[in-house]
Structures are given as structure tokens and as C-alpha cells.
Amino acid sequence: MYHLIRSLYLYATSKPEYSIILLGLDNAGKTTLLSQIKALYNTAVDPAGQTGDAPPSDTAGNTVPTVGQNVATIDLPDMYLKIWDVGGQMSLRRLWTSYYKSAHAVVFVLDSTDLGNGELDDMPRTPGWHGRKKSFLNKMDDPDEPETPWTPMTPMTPTMLLSGQHQGRLDECRAVLETVLDSEDTAGIPILVLANKQDREDCLEVVRIKEGFVRKVFEGEKGGMVRDSRVLPVSALRGTGVKEAIEWVKSRVVWNKESRPPVMR
Ligand SMILES: Nc1nc2c(ncn2[C@@H]2O[C@H](COP(=O)(O)OP(=O)(O)O)[C@@H](O)[C@H]2O)c(=O)[nH]1
Ligand SMILES: [Mg+2]
């Protein structure tokens, strides 16, 4: 009888916990985003003890490059969201795979000011291309790899060089996103791509990021299976769009709970 009551009590008081991983290149704004999420959700208590809307944090952008991981759990009425910010520097990216199996969703953060014009080469073939496209990340391991992994769709002109119009870290970003999509442990889990730093004047518009970059990567040979995905504009620094992003993640992890069940807490 005791056990039955205890189980009923635990059932009635527990909530599902879903894990989310924040991925993206270093400097994309992952740590800022996590601080902003904490500010918007965890301190949202007004003097009457009621949960309300907290103001965005002014200090969320005071970050240092992440070594190791930051983690925060936000306590929502119907679930816990445990959000992992794992460092984005090249040397730390290989650790990401250890988080994939237990993740219920991936949030991939892009720096919208570091993607050049956002145009990917449709057919990224070089003269030595022989039927496969190697990841930028594996290039150094492969002696057969042609020297240039892919050529830009719009060749650089002297005017572009002088005006500073370059591709930013577009190719690196593509390679990293492809590696995430290519892993069998992320197969089928929802992926939210956040076009961050939309507060900056020099940012690339979200529609160009969506059509020019994200769609091509998702539809490319490394895009893998059809999956639940979305591209949303945010400013992690100001907090704009952050709640919409969390709402999308919340609805999608619930949708996908049959294939990746939450942990009950
Ligand atoms: N203007 C602007 N700057 C941002 C935004 N998000 C992050 N940053 C800045 O970008 C830099 C890198 O941010 P950080 O969160 O450390 O990136 P991480 O390496 O992905 O964790 C910091 O100087 C942040 O203040 C944003 O939305 N707008
Ligand atoms: Mg960081």
C-alpha cells in the first residue's frame, strides 16, 4: 500500500525533463543565449510570488569563451528544460557527440554577421571532385582531399575584397552543421537554427539565411532524413525572440516524445 501511494505521489508530482544542446561555432552567442534564457525564466518571480515576465538581462553578453560546459535547468509549468552550452571552439567540437544520444533537441546558433552574403555554392565541386563531398573537419585527415574543398558561387572580385565582402565563416559553419545532421544519434530530433545577432546593422536577414544557407544544407547529401526544423531570428544580447525559440523547442520535444522519451523528475 505504501509503495502504491508513494508511486502515485511521485507520478502526480513529477515532470518530464527534456535536454537541449546549444551548438554552433565559437562566438556565435551560445553562452549569451543561455544567460538570457536563465534571466528570462529563472528570475521570473514577482513580489506576490506569481510567475511573470522577467526583463531581459543587461549583462548576458559579458561572456568569456566557453571551456567545458554551462548547464541550466529551467522550470516550466509542464516540463523541465535542461539546456547544455558546450564550447564551440574547434578543439571542443568533438565532445559534442557525447551529448547527442541524450538530447531531445538541438539549437544551432549562427552569428548572422559572420556569414558573408549567405550564398552557398550549389554544386560544391572542385576539379578533383570524385563523387563525394568531404567534411571540412575531416580534410586534414585525408591526403586525397583536393586543396580547395569547394569554390564560392560568386567568385571574389577585387572590389569585393576591397569592400570587405567576404564569406565570413560560412563554409566552416556549413561543415559543422552538416556534421551535426550527419550523426545517427541526432537523427529525427528537432533542430532549431537561430539566426543570432539580429540587433546588429550588419547582420544578414533571416530569410537569406533560411533560403541561401540552411535550406541548402538540410537538402544536401549530408542533410539526412526529413526532420522537424525551423529557422528563427533572435538577439541573445537583447533577449528578442528568445521566448519564441523556447516555445518552438517545447512544442517539438513533446511531439517527438514517442521516439525520444523524456526523463521523469
Ligand atoms: N550584438 C550582439 N552581440 C552578441 C549577441 N549574442 C552574443 N553577442 C556577443 O558575441 C560575443 C560572443 O558571445 P558568446 O555568447 O560568448 O558566444 P559563444 O562562443 O557562442 O558562447 C560576445 O561578445 C557577445 O556579447 C547578440 O545577439 N547581439
Ligand atoms: Mg560560450
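1. In sorting residues by side chain, Ala, Val, Leu, Ile, Met, Phe, Trp, Tyr, Cys and Pro count as nonpolar, Asp, Glu, Lys and Arg as charged, and the others, Gly among them, as polar. On that basis the shell around ligand 1 divides into four nonpolar, eight polar and five charged residues.

2. This is a predicted model, in which local features need pLDDT of at least 70 and side-chain atom pairs count only at pLDDT 80 or more, while totals for chains, interfaces and linings use all residues. Residues are numbered from 1 along each chain as its sequence is written, chains are lettered from A and ligands numbered from 1 in the order in which they are written, and side-chain values use heavy atoms, with hydrogens and water left out.

3. Ligand 1 is surrounded by 17 residues, a residue being near a molecule if one of its heavy atoms lies within 4 Å of it. The closest are Asn27, Lys30, Thr32, Thr63 and Asp199.

4. Among the polar contacts (pairs of N or O atoms within 3.5 Å), a polar side-chain atom of Lys30 lies 2.7 Å from an oxygen atom of ligand 1, and a side-chain N or O atom of Lys197 lies 3.0 Å from an oxygen atom of the ligand. For Leu237 a polar backbone atom is involved, at 3.1 Å from a ligand oxygen atom.

5. Asn27 has a positive phi, near 75 degrees, although the residue is not glycine, and Asn27 counts as exposed because its relative accessibility is 58%, where exposed means over 50% with a 1.4 Å probe and protein chains only. Lys197 also has a positive phi, about 65 degrees, but counts as buried (under 20%) because its relative accessibility is 16%.

How values were computed. A polar contact is a pair of N or O atoms within 3.5 Å; within protein, one must be able to donate a hydrogen and the other to accept it, and residues adjacent in sequence count only if both atoms are side-chain atoms.
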